[in-house]
Amino acid sequence: MTAAYPALRLRRTRSTAWSRALHREVVVSPADLIWPLFVTEGDGVEEPIGSLPGVSRWCVKGIAARAKEAVALGIPCLALFPNTPPDRRDPHGREALNPDNLMCRAVRAIRDAVGADIGILTDVALDPYTSHGQDGLIDDAGYVLNDATAEVLVGQSLNQAAAGADIIAPSDMMDGRVGLIRAALEGQGYQNVQIMSYAAKYASAFYGPFRDAVGSRGLLKGDKKTYQMDPGNAEEALREVGLDLAEGADSVMVKPGLPYLDIVMRVKQRFDVPVFAYQLSGEYAMIEAAVAAGAADRDAIVLESLTAFKRAGWSGVLTYHAAHAARLLRS
Ligand code: PBG
């Protein structure tokens, strides 16, 4: 191409700030951000999470305050994760079905605080509720049972929809659950509740701090490799996405984020549907560790990483830097 334009000097358009702005292909905005929040019991409680410096668990009231902050910052959606107390966990994750569990109370508190001014995404998986820390029900050998789990996930989804969730986000990676959840939502009058499927979710080493945050790290024995994806596979991610879309997912997610941008891009190119990415707890912790070590400038590295997601084709990103990034983008 360039050979046909011998005089072309690409650097010419980069030589001034106004020109760089004019030629920029991708610009991140606060409307691209989903802010993940951890909910905990108590009143007036903020618990900093050691492995996620700068991120806290908030009590239900605190979550409502974060929702107001998010609306003021132009963030369109929150993602909720509960830190269920140990005495409310059991091998079956029954607390997931309790209409007054932490998650449902947080959803209602957000709705009371900001009405329909923000979307509420609720994670569907049993790991914050099981005493063994797996996302599903297990047999005696510890193997996660697909079909039995999917049935419970349907109940969990309906419970969240009844509390007022806007987007149900199954993160468990059981086969067939999107179709079952979609049918149940339609059947119960929740036609407008969306499903954002964690379609391409890998058995990743980047989840560590999250498991601390929801209190499942110490409980988990073994790993999640029998149901989450092998990091060596990309074609399989496309098959997973295809199945979830066929079952009725409105949007799909790729997770982890930054190290898996090739997957984001391939999904976008193959299916051309809304694709979201999750910049994981481990990715956040890596950025913060680099900043603490004086190896990176936080503001610059946060915005650059978000720009990279968008360039790869995402519709939005779940990031623990959401509030910080929104502040930077608005200033
Ligand atoms: C639950 C779930 C996980 C994350 C989101 N939902 C952890 C896991 O699968 O073990 C990870 C999020 C993060 O690391 O920030 N199934």
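Is Leu137 buried or exposed? Select Leu137 to begin the tour: with a relative accessible area of 14%, Leu137 is buried, a word that here stands for under 20% relative accessible area, while exposed stands for over 50% and partly exposed for what lies in between, using a 1.4 Å probe and protein chains only.

Before going on, keep in mind that this is a predicted model, in which local features need pLDDT of at least 70 and side-chain atom pairs count only at pLDDT 80 or more, whereas totals for chains, interfaces and linings use all residues. Residues are numbered from 1 along each chain as its sequence is written, and side-chain values use heavy atoms, with hydrogens and water left out.

**Around Leu137**

Leu137 sits in the loop that lies between strand 5 (119-124) and helix 4 (146-163), where helices (H or I, at least four residues) and strands (E, at least two) are DSSP runs numbered from the N terminus. Now show what surrounds Leu137: setting aside neighbours within four places in sequence, its contacts (heavy atoms within 4.5 Å) include Pro91, His92, Leu126, Tyr143 and Val152. Select Leu102 as well, and you will find its C-alpha atom 21 Å from that of Leu137, although the two residues are 35 apart along the chain.

Next, select strand 4, residues 77-82, where 6 of the 6 residues are buried. In a regular strand, side chains alternate between the two faces of the sheet. In strand 4, Cys77, Ala79 and Phe81 point one way, and Leu78, Leu80 and Pro82 point the other way.

Two strands count as paired if DSSP finds at least two bridges between them. Strand 1 and strand 4 run parallel and are joined by 6 bridges, with Ile34 standing opposite Cys77. Strand 4 and strand 5 also run parallel, joined by 4 bridges, and here Leu78 stands opposite Ile120. Follow the chain from strand 4 through helix 3 (residues 102-114) to strand 5, and you trace a right-handed β-α-β crossover, meaning that, with the strands pointing away from the viewer, the path from the first strand over the helix to the second runs clockwise.

**The empty spaces**

Rolling a probe the size of a water molecule over the atoms shows where empty space is left. On a 1 Å grid over the protein atoms alone, a cavity is a set of points where a 1.4 Å probe fits but cannot get out, a pocket is an open set with protein on both sides within 12 Å along at least five of seven lines, and lining residues have an atom within 4 Å of a point. Grid points are joined across faces, edges and corners, and a volume is the space filled by probe spheres set on the points.

The largest pocket holds about 310 Å³ of space, and among its 20 lining residues the closest to the centre are Trp35, Gly54, Val55, Tyr320 and Ala323. Strand 1 gives the most to this lining, with 4 residues.

Move on to the second largest pocket, with a volume of about 160 Å³, whose lining includes Tyr143, Val144, Met173 and Glu240.

Finish at the largest cavity, which has about 100 Å³ of space; of its 13 lining residues, Asp127, Ser171, Lys201, Phe210 and Lys255 are the closest to its centre. Strand 7 (194-201) and helix 6 (208-213) each give two or more residues to the lining of this cavity.
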